[in-house]
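I opened the model today and kept notes as I went. The entries follow the order in which I looked things up.

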Amino acid sequence: MFKLFNKNFWEVIARLILRNKIGILVVIILATIFFSSQWNNMRFSYTEANLLPDDHEVNVTYNEFLDIFGEEGNLIVLGVKDSTLFTVDKLNAWNQLSEDFKTYDEVETVVSLNDLQKLVKNKEEEKFDLVPFIKDSITSIEQIDKLQDELFKQYPFYDNFLFNKETKTIRTAIYLKKDIVNTSARKDFIMKVLDVKIRNFEEDNRLNVRVSGMPYIRTLNAQNIVDEIGLFIGLALGVTSFIFFLFFRSFRATFISLIVVCVGVMWTFGIIGLLNYEITVLTALIPPLIIVIGIPNCIFLINKYQREVKLHGNKVKSLQRVITKVGNATLMTNVTTASGFATFILTESQLLKEFGIVASLSILAIFLLCLFVIPIIYTFLPYPKERHLEHLNKRWVGGFVNWIERMVREQKITIYATSLVLIIVSIIGMYQIKISGSLIEDMPKEEAFFKDIRFFEEEFDGIMPMEIMVDTKRKKGVMKLSTLKKMEQVEDFIDEIPELSRPISVVSLVKYSKQAYYNGNPKYYQLPTSQENSFILSYAKNSSSDVDLLKNFVDSTGQYARITTFMKDIGTDKMERIEEDLHSKLNKVFPADRYNVTMTGKALVFQKGTKYLVKNLAISLSLAIFLISLFMAYMFRSFKMIIVSLIPNLLPLVITAGLMGYLGVPIKPSTILVFSIAFGISVDDTIHFLAKYRQELQANHWKIRKSVYAALRETGVSMFYTSIVLFFGFIVFTTSSFGGTVALGALVSVTLVFAMLSNLLLLPSLLLSLERSIANKETLKEPSINIIPIEEEDTEENSN
């Protein structure tokens, strides 16, 4: 009953398409115009990817911190390491550059050498005054020498903040306004103002200025993502169309395929805009992915059309059979591919959800475009010429298919033994996989901004902020001496961790106040005693609001304090050990009944997000396997067939995981996608093979061996074609400057090659070895979905 409905359904679809071709083309054109109009709604991501759900404990803690102290990632740092900076002209030019930035609306404040001020005791009025180190401008070398002596030797408060006293590296801190940090205004300021001014300064003074900080890194990183979208689309189109042309030797067929996938890319961008999603490092991959996935659809449809034309010469009949036979098979393969991506929708990560939604919708869209556009266009075109049909002889891949058939006939034990060895070796490799929670690991290593990150790591011990927030549970509790001493213990502990920078907090300010009270003597840079604390604080209270340096480190109520440190780019394992050690220290120092202490910061949030994604990897991959198993069950109605069909598709995933372990490729947001993507695509080969196998069984009166070899010869060529397209299509991503995208492209390509070999060698071997238990009429004769319907012409074709 369902079989008859399925056949009639596709016959109706074929008639609708071929009889309403003008109307369908008009609808497609209107839809393309509509999706093009949605491009204006596309937004480029102005924040780093938050891999955690909004209600995750780590995100809740981070947002609480932001509510109290505001955006933490608003600092841009400029640095110079050059002895010639300490000359009158160059130092004045450096200070003037910093002053110029203060005039821009996007800038909240700038702190440079020119802004540094001494905290000076005013004994008469019992308060502290601020006296600048540099008055107006530098006028002599002697003044520079005095400045260096004071800064590098007498005022430890500023050490490792604006300078490194050991290497004489100087930097300027630019704090952007917090309300523009995650908007396009940040990009405009950095690209149009900051970069231009720095470039002019470098040319005028022959100094190399290093630039870093989270706003700067995020801006240039996002710009690289945008730049690479066009590169990937161009390369994917070029590579896949070239391979397509090699297969078909037809400019006409190649041009038709290019039109289809280009429209598919336009629809993909339209879907992103329609859903009002941001273009992130993941969604940027979807347009070239659609090209890579769409071209095999075109190969199947055009190849079938040319076969039919060669067989009987009736163009209308050929196009009808393209839709009724290949349309059904292509629908199932596209649905399974889309399912591999759609599993990400069920994760709790917004980043992955958006990727899954756009990718799965785009894959279904490219299927519809292929199904409608290709047959309709061919109705207007003349018959293919004889030279366009030469590739159907398959002579140049005949040797490969013959080798595959020979291996399956004669070397099944070798195939099983090789598979078993690969599984054992790969499992060993899997245990060597590490997890990476680095914010910068995937960033372009050759870009200047990445080298600047390494520079600041070396000179100032890191650029990724990590925050410790101390809740004293009472107003003005921060300034109690007991609290300050506890915070100092934690800071001393942080100082001993080489991966973290010298911490900054209210403790440093209180120490500086004591030094100022004792007339700037550096040996008094320490916390006051309980007796000193009262009159030093009285000096601070009598000071003008300009001396209120506490506002960045203590909230307005005096209940909350922050300890800020910066982390180097380190592995997840090290980061977790540091986090554990810090937690242990914090729990020991701050009693839980009197204090509530939390750790947060972008570095920590990203690391936790990566760990969270690893758990989601298992969930999404399991869902993909489950969904595709349901498709198999619905098509073949046999549990044994599900197992047989899954084995050759799970083996490549195990091999890839093993390779990741041996090659040192860590699990991270980009490489996590490999498994679900590769599984969703590779199972297409299994569907095509088993569908053809069932067709051959019916045509050959259930002669199993004959059917396996016939299916192998028939589908081996198309599997080879599509695998080559997919391999080179994904290899395009290895041209990326992002390490994660390179790894994604290489790993998916390798996985798909293994999947092709597994489906051509292991799958038919299993069918032959288990023929008595699985290949019977009850299993395969009446499937729920008749993917490739058997017809009289098929029998004739086989006999030929």
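**Entry 1: an open sheet.** I looked up a sheet of three strands and found that it is open, with the order β11-β10-β12 and antiparallel pairing. I count helices (H or I, at least four residues) and strands (E, at least two) as DSSP runs, numbered from the N terminus. Two strands pair if DSSP finds at least two bridges between them. The edge strands are β11, residues 560-567, and β12, residues 596-600, and each of them pairs on one side only. On average, neighbouring strands in this sheet are turned by 15° against each other, direction ignored. For such angles, axes are lines fitted to C-alpha atoms (for helices over the stretch in contact), and the angles run from 0 to 180 degrees between N-to-C directions. I then followed β10, residues 464-471, which pairs with β11 in the antiparallel sense over eight bridges. Opposite Met-464 I found Met-567 of β11.

**Entry 2: ground rules.** I note that this is a predicted model, in which local features need pLDDT of at least 70 and side-chain atom pairs count only at pLDDT 80 or more, while totals for chains, interfaces and linings use all residues. Residues are numbered from 1 along each chain as its sequence is written, and side-chain values use heavy atoms, with hydrogens and water left out.

**Entry 3: strand β7.** How many of the eight residues of β7 are buried? I found seven, so I wrote down that β7, residues 169-176, is mostly covered. Buried means under 20% relative accessible area, exposed means over 50%, and partly exposed is in between (1.4 Å probe, protein chains only). I next listed strands that pair with β7. Strand β3, residues 107-111, runs antiparallel to β7 and is joined to it by four bridges. There, Val-107 is partnered by Leu-176 of β7. Strand β6, residues 163-164, is also antiparallel to β7, with two bridges, and Asn-164 stands opposite Thr-169.

**Entry 4: positive phi.** Most residues other than glycine have a negative phi. I looked for exceptions. The hairpin of β6 and β7 has four residues between the strands, and Lys-168 in that turn has a positive phi of about 60°. Lys-168 is not a glycine, and at 34% relative accessibility it counts as partly exposed. Asn-276 is not a glycine either, and its phi is also positive, at about 60°. I located Asn-276 in the loop between α8 (251-274) and β9 (278-279). Its relative accessibility is 44%, which puts Asn-276 among the partly exposed residues.

**Entry 5: Asp-105.** I found Asp-105 in the loop between α4 (88-101) and β3. Is Asp-105 buried or exposed? It is exposed, with a relative accessible area of 63%. I also checked Asp-105 against Leu-176: they are 71 residues apart in sequence, and their C-alpha atoms are 9.0 Å apart in space.

**Entry 6: helix α3.** Helix α3, residues 57-69, has 13 residues and reaches 18 Å from first C-alpha to last, close to the 18 Å expected at 1.5 Å a residue. The expected span is 1.5 Å times one less than the number of residues. Its buried residues are Val-58, Asn-59, Thr-61, Tyr-62, Phe-65, Leu-66 and Phe-69. Seen down the axis of α3, they fall within an arc of 160°, so they line one face of the helix. I took the arc as that of the directions from the helix axis to the C-beta atoms. The face turned away from the buried side carries the exposed residues Glu-57 and Asp-67. Just after α3, Gly-70 takes a positive phi of about 80°.

**Entry 7: helix α20.** Helix α20, residues 639-663, has 25 residues and reaches 36 Å, close to the 36 Å expected. Where does α20 kink? I found a kink of about 30° at Ile-647, shortly before Pro-648. The bend at a residue is the angle between axes fitted to the seven residues ending there and the seven starting there.
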